[in-house]
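Biologist: I am new to this one. Can we go through it together, step by step?

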Amino acid sequence: MNRRPLLLGVVSAALFATSGAVRAADAIKIGSFLSVTGPASFLGDPEKRTLELYVEKINAAGGVLGRELELVIYDDGGDANNARTFATRLVESDKVVAVVGGTTTATTLAAIPVLEDAQIPFISLAGGIEIIEPTKPFTFKTPHTDRMACEKIFEDVKKRGLAKVGLISSTAGFGASMRNQCLTVAPARGIEIVADERYAAGDTDTTPQLNKIRGSGAEAIVNADFGQGPAIVTRNVRQLGIDIPLYQSHGVASKSFIELAGAAAEGVRLPAAAMLVPDQLPDDDPQKTVVLDYRAAYESSQNQPVSTFGGHAYDGLMLLVQAIQKAGSTDGVKVRDALRETKGFVGTGGVVNLSATDHMGLDLSAFRMLEIRNGTWQLLY
Amino acid sequence: MRPGTFSKLAILGTLLLVLAVVPLVLPSPFHLRVATLVWINATAALGLALLIGLAGQVSLGHAGFMGIGAYATALGPKHLGLDPLSSMALGIFAAALLALLVGRPILRLKGHYLAVATLGLGILVHLVIVSEVPVTGGPDGIQLPHVELLGRRVTGPELWYWITGTGVVLAAWLALNLEDSSTGRALRALHDSEIAASVVGVDVARHKLVVFVIAAVYAALAGGLFALFNRFVTPDVAGFLRSIELVTMVVIGGMGSILGAVVGAALLTVLPQALTVFHEYEHAVLGLLIVLFMVFLRQGIVPGLAGRVVRRRSA
């Protein structure tokens with residue numbers, strides 16, 4: 001019988017602990033909901049670490065407007081419905097002045113109506129172009145979009161004097177979305193899509209699709225996918241002896257792709273953020289110091305290699321802090337207006353120029369064209 | 001739920017009392033939102049509690065029916081130009097039809113074949129929602145228009161609290177009446193012994209099927225209400241983990257107990273919000289609490305606590 005009070009004690013302690021915390025009243029509260037666990041944790045975890053690391057650094061350096069920053073982070077587990085609930089909580093209970101978060105496009109889209117209604121500036125860390133298109137008054141984002149990856153690739157194809165592209169993509173989320181973007185921007189870039197082949201996630205052979213592309217007169221192949229798929233496509237291209245240029249997306253911008261594809265990866269080109277090759281950037285590159293500093297700070301404190309995803313969180317937090325300082329206030333509308341005036345902000349993702357109509361502010365120079373040589377990334381331009 | 005432990009009136013009275021008191025003690029719209037989610041989950045859990053408690057069958061794909069309800073409500077206005085409410089009705093009808101088609105052959109068999117079949121069904125529904133991007137919006141989800149009733153917008157957490165709360169009370173009332181009906185008695189008989197029940201003339205397969213279809217209708221209703229309230233649905237609503245969550249709600253609350261289903265739903269909806277103070281250890285603490293509940297209140301929270309009270313009184 002005496003066990004029950006103990007059990008009830010544990011539960012009630014957990015329930016009331018939320019309301020008990022008393023904090024400094026004059027701290028600037030910044031909210032975040034991230035997919036720290038679940039399928040997108042490889043994105044959310046470095047984002048969380050980065051936010052915590054830099055809020056600590058900023059506070060150690062005296063805070064913002066003479067006030068400390070206070071970070072409220074919730075883990076949505078990758079579930080969009082949780083994200084919406086946590087966004088409501090950030091607005092209603094925590095009364096944050098701005099939100100930097102939203103690991104995936106789905107969690108971001110779920111939270112946008114809540115934050116827009118409350119007129120709270122929201123800087124998303126997700127890739128989907130629908131986040132900022134059409135432009136919403138209070139929603140911004142830091143990462144590059146699929147469309148930019150397509151445009152960067154097509155730009156390089158043009159530079160090589162080619163025009164006919166064979167597209168091969170996975171039917172799963174990222175691949176499908178990038179395929180649509182590539183099909184949309186191809187005509188404007190003077191590119192003709194002569195083949196549009198697809199494979200399902202988990203397929204172990206893509207030679208039939210590649211043979212069709214070979215027969216279509218394509219002068220270059222573009223593969224939109226991440227994970228296992230691109231490695232299989234890359235190997236199949238070499239096995240079939242197709243010797244036209246092969247492009248992958250920024251979805252394969254990790255060492256594991258080179259390991260999976262092995263020697264077949266030699267010569268593959270891809271657009272990627274400067275974070276992948278900070279040492280190869282020329283000394284006069286504006287991003288060089290920012291990326292090197294971020295990498296040093298992250299790797300020395302977290303004991304794990306840096307990723308582009310944590311960089312998106314760094315960019316979002318710094319953009320916000322700068323805007324609050326410029327606005328001299330934490331008022332939502334004033335901070336939003338200050339954000340829109342951001343010009344020439346150098347982040348890990350690129351040089352950001354925001355405006356009332358552009359809430360991402362990156363141009364194609366934010367993507368670097370890389371080629372895989374001798375089992376590592378080589379910066380082309 | 002054994003009749004006599006609680007009377008029908010006592011159960012409905014408790015629910016109504018909780019429904020009335022909760023908005024008085026909750027400080028903000030955020031809390032009302034969580035309470036609304038509790039009522040929605042409770043509606044789905046109630047149906048499942050009938051299936052598990054009365055028919056002794058488990059559905060491991062129950063979120064699939066929720067997904068059908070939610071996506072019908074979201075897609076009707078977008079593709080067919082219907083208003084959300086009639087789309088929801090269509091979704092509930094579709095879920096009932098699907099349950100009938102799947103349940104009919106399977107429930108003739110003895111054993112837990114329904115669990116396996118619904119497991120597959122749930123995953124199928126989820127798969128279709130995720131991959132039919134042009135129709136469903138895929139993994140990124142889909143936005144719903146505002147619901148309008150008599151030319152007025154149905155919006156705001158308070159209003160939805162009352163709508164979903166009333167929904168739960170009605171669902172509980174129907175469930176209690178079902179338990180009390182001849183079908184309910186037949187189901188209890190076949191739950192104890194199928195052979196004995198069939199010997200006295202109970203059509204075992206038909207009765208199981210009735211409960212399964214009712215459970216599907218409850219889940220689709222919950223899904224539809226969720227879509228209307230949230231105005232944004234993603235495939236997560238039909239995911240396998242959501243199905244497991246629903247079964248956990250029923251088991252932790254007390255299998256076959258009407259109040260238990262509501263308590264289980266409340267616990268699994270509120271706890272993740274309350275446990276955010278533990279940061280990294282959030283999931284570990286949630287798991288630990290569930291284990292503790294199962295160790296100390298083996299029959300589920302409501303029957304377990306009720307049993308103790310009765311024992312103490314008689315002692």
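Biologist: Which side chain makes a polar contact with the side chain of B:T269?
Modeller: This is a predicted model. B:T269 lies in helix α12 of chain B. Apart from neighbours within four places in sequence, B:T269 is in contact with several residues, including B:V34, B:L37 and B:M249. The polar contact, at 3.1 Å, is with the side chain of B:N41.

Biologist: Is B:T269 buried or exposed?
Modeller: The cut-off for buried is under 20% relative accessible area. B:T269 has 11% relative accessibility, so B:T269 counts as buried.

Biologist: How much area do chain B and chain A bury between them?
Modeller: In chain B, 35 residues are in contact with 32 residues of chain A. B:F30, B:D140 and B:R308 lose the most area on the chain B side, together 17% of what that side buries. Of the area buried between the two chains, 60% is on carbon and sulfur atoms, and the total is about 2,900 Å².

Biologist: Which side chains meet in a salt bridge across that interface?
Modeller: The rule finds one salt bridge between chain B and chain A.

Biologist: Which helix of chain B holds B:K8, the partner of B:D180?
Modeller: B:D180 and B:K8 form a salt bridge, with the closest N and O atoms 3.6 Å apart. B:D180 lies in helix α7, and the pair ties together parts that are 172 residues apart in sequence, because B:K8 lies in helix α1.

Biologist: Which residues join A:R269 and A:E371 in one salt-bridge network?
Modeller: A:R269 and A:E371 form a salt bridge, with N and O atoms 2.7 Å apart at the closest. The pair links strand β10 to strand β13 of chain A, 102 residues apart. Both A:R269 and A:E371 are buried. Through shared partners, the network also takes in A:D156 and A:R373.

Biologist: Is A:K326 buried or exposed?
Modeller: A:K326 forms a salt bridge with A:E341, at 3.8 Å between the closest N and O atoms. A:E341 has 47% relative accessibility, so A:E341 counts as partly exposed. A:K326 has a relative accessible area of 52%, so A:K326 is exposed.

Key: Residues are numbered from 1 along each chain as its sequence is written. Chains are lettered from A and ligands numbered from 1 in the order in which they are written. This is a predicted model: local features need pLDDT of at least 70, side-chain atom pairs count only at pLDDT 80 or more; totals for chains, interfaces and linings use all residues. Side-chain values use heavy atoms; hydrogens and water are left out. Contact means heavy atoms within 4.5 Å. Buried area is the accessible area (1.4 Å probe) that two parts lose on being put together, summed over both. A salt bridge is a side-chain nitrogen of Lys or Arg within 4 Å of a carboxyl oxygen of Asp or Glu. Helices (H or I, at least four residues) and strands (E, at least two) are DSSP runs, numbered from the N terminus. Buried means under 20% relative accessible area, exposed over 50%, partly exposed in between (1.4 Å probe, protein chains only). A polar contact is a pair of N or O atoms within 3.5 Å; within protein, one must be able to donate a hydrogen and the other to accept it, and residues adjacent in sequence count only if both atoms are side-chain atoms.
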